[in-house]
Each structure stands twice: as C-alpha cells, then as structure tokens.
Amino acid sequence: MKKTRSIAANVLVILLSICWLFPVYIVFVNSFKNRSELYESILALPEHFSFEYYEKAMKKMNFLHALGNSVLVTVVSIIFIVILASMTAWMLVRTNNVLSTVIFNIFVATMLIPFQTLMMPLMQEMGWIRDTLHIPMLDNMGGLIYMYIGFGASMAVFLYHGFVKSIPVSLEEAATIDGCTKLGVFWKIVFPMLKPTTMTVIILDVIWIWNDYLLPSLVLSSKANRTIPLSTFSFFGQFTIQWNMAMAGLMLTIIPVVIFYLCAQKYIIKGVAAGAVK
C-alpha cells in the first residue's frame with residue numbers, strides 16, 4: 001500500500017511538472033520556426049534548428065544594452081535591499097519595544113497591498129518630485145531603483161526579522177566586550193550568520209525585478225533605458241505580432257534568471273524556513 005502511494009505521488013509530480021514545463025516547451029520550439037511552420041502546428045518540432053531568429057531578436061531588442069540595464073537595476077536594487085533590510089530587521093529585534101513592534105507590523109502590512117492600487121498615486125508623486133524638486137525620478141534608472149528598494153523592503157525585513165531572533169544576543173555582547181563597535185558587531189558577527197536568509201532574499205528579488213514589466217513600463221519611456229521585459233514588447237505591434245522572434249526574445253529573457261536560480265536554489269527552502277518560522 002505504501003509503495004502504491006509512493007508511485008502515485010511520483011506520477012502526480014511528473015504530470016504537474018509536465019504541465020508547468022509545457023509553456024516553456026511551446027516558447028522554445030516556436031523560437032526556431034518560420035512563420036509558415038509556426039501556423040501549421042505550435043506543438044511540432046521545427047524542421048531545422050537555426051539561431052537565425054535569435055540573432056534577429058537580439059538586434060531588434062538591442063539585447064546587450066537592455067541586458068546591461070536589467071543587470072544594473074537588479075544588482076543595485078538588491079544590494080541596497082539586502083543592506084538596509086538586514087540592518088532594519090536587526091535593530092527592530094534588538095530594541096524590542098512598542099515602537100519597533102509597530103514599525104515591524106507596518107512592514108508586514110505593506111506586503112498585503114497590491115501594487116495596482118498604488119501605481120497611479122506613485123506616478124503622480126514621482127511626477128511632483130520631478131517637477132517641484134527637480135529630481136529625475138521618471139525615465140531614470142535611479143528612480144526605478146529607488147522604487148524597487150521601497151517595494152522590496154517589506155518582504156526582506158520580514159524574512160530577516162525572523163532569522164535575527166534565532167541569533168544569541170550573547171555573541172553580540174561578547175564582541176562588544178572585546179571592543180567591537182555597533183557597526184562592527186553587525187558586519188562581523190550578525191550579517192555573516194544571515195547568509196541563508198540573504199540568499200533567499202537575493203533569489204526572490206532577482207526573479208521579481210528581472211521579470212517585472214509593470215513598474216518599468218510606468219517609469220521608463222525612452223528606448224535607451226529599456227530593461228529586458230520592456231525590450232521584448234517591441235515584437236508586439238498594433239496590427240502584427242512577430243511570434244517567432246518574440247519567442248526567441250522571451251527565451252533570451254528567461255535563460256539568465258534560470259541559470260541564476262539553478263545555481264542558488266539550494267538556499268531557498270532553508271532560508272525561507274529559517275526566516276519565517278523561527
């Protein structure tokens with residue numbers, strides 16, 4: 001009976017995996033087809049595997065420039081999210097008073113607010129900052145990074161907060177007695193112990209920021225500032241859609257983040273469990 005259940009569970013997992021991978025298969029095989037092959041059957045394999053459409057897609061997307069923009073936005077945003085959120089969570093745990101509890105609950109509450117309810121007021125506010133204070137928050141990479149830091153802070157603080165609670169205060173007290181400053185205690189004692197949660201925050205935010213289309217579409221308007229998701233939209237015209245090149249562009253978009261995820265996936269479950277349960 002136990003063996004039968006195990007086989008059934010494995011079969012179910014395989015079927016669910018196939019369902020999940022099916023859209024990826026569709027994108028992959030159709031990225032190699034010409035228009036006639038694509039309209040004949042979207043499921044069949046292409047007659048010839050040629051990277052012709054990948055080359056055309058890269059040229060039309062200005063892929064390398066868009067890739068550089070996406071890497072810049074993602075890396076800088078995550079660096080600031082990790083540093084600021086880890087420090088914030090550490091101070092909230094160690095102060096442990098009514099104010100810190102209220103601040104932490106505000107961070108948690110902001111995780112429940114859909115971005116769609118904020119996007120119009122956000123754009124109006126950023127427009128006011130640009131027009132009144134003359135700080136270029138719109139159509140600017142710095143403005144986009146600033147917004148990502150704000151939207152990514154709540155989840156990061158929540159994860160770090162749970163993990164910091166498991167770090168013994170005695171370690172910090174011993175470092176202080178040995179002459180370590182407050183900042184030194186954090187960087188030399190606390191932050192290295194936050195590695196599992198840090199990796200989790202990095203992975204989740206890389207996937208989110210890299211694939212995000214809505215916020216960059218609201219903030220960035222010039223072609224020079226386009227990120228990868230925005231550049232793929234160039235294949236979707238008002239009257240025609242270049243499906244084969246669009247599929248090739250989507251594959252080019254997916255590949256970097258999949259490689260990153262495969263390299264760092266072992267930290268996800270450990271980091272989420274440590275940050276959310278402890």
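Predicted model: local features only at pLDDT ≥ 70, side-chain atom pairs only at ≥ 80, totals over all residues.
Let me begin with helix H4, which gives the most to the lining of the largest cavity, with 3 residues.

At least two lining residues come from each of three helices, namely H4 (63-95), H7 (141-164) and H10 (195-211). If we sort the lining of the largest cavity by class, we find 6 nonpolar, 3 polar and 1 charged residues.

Turning to the second largest cavity, we have about 40 Å³ of space, with a lining made up of Asn34, Arg35, Leu38, Tyr39, Ile241, Trp243 and Asn244. Here the elements that supply two or more residues are helix H2 (35-40) and helix H13 (243-264), and the largest share, 3 residues, comes from H2. By class, the lining of the second largest cavity divides into 4 nonpolar, 2 polar and 1 charged.

Finally, a word on helix H5. At its start, a side-chain oxygen of Asn97 reaches to within 3.2 Å of the backbone nitrogen of Leu99. What span should we expect for the 13 residues of H5, residues 98-110? At 1.5 Å a residue the helix should span 18 Å, and because its end C-alpha atoms are 19 Å apart, the model agrees with that expectation.

Methods:
Residues numbered from 1 in each chain as written. Heavy atoms only, no water. Helix = DSSP H or I, 4+ residues; strand = E, 2+ residues; numbered from the N terminus. Expected span 1.5 Å × (residues − 1). Polar contact = N/O pair within 3.5 Å; in protein donor to acceptor, adjacent residues only side chain to side chain. Nonpolar A, V, L, I, M, F, W, Y, C, P; charged D, E, K, R; others polar. 1 Å grid on protein atoms, 1.4 Å probe; cavity = no way out; pocket = protein on both sides within 12 Å on 5 of 7 lines; lining within 4 Å. Points joined across faces, edges and corners; volume = space filled by probe spheres on them.
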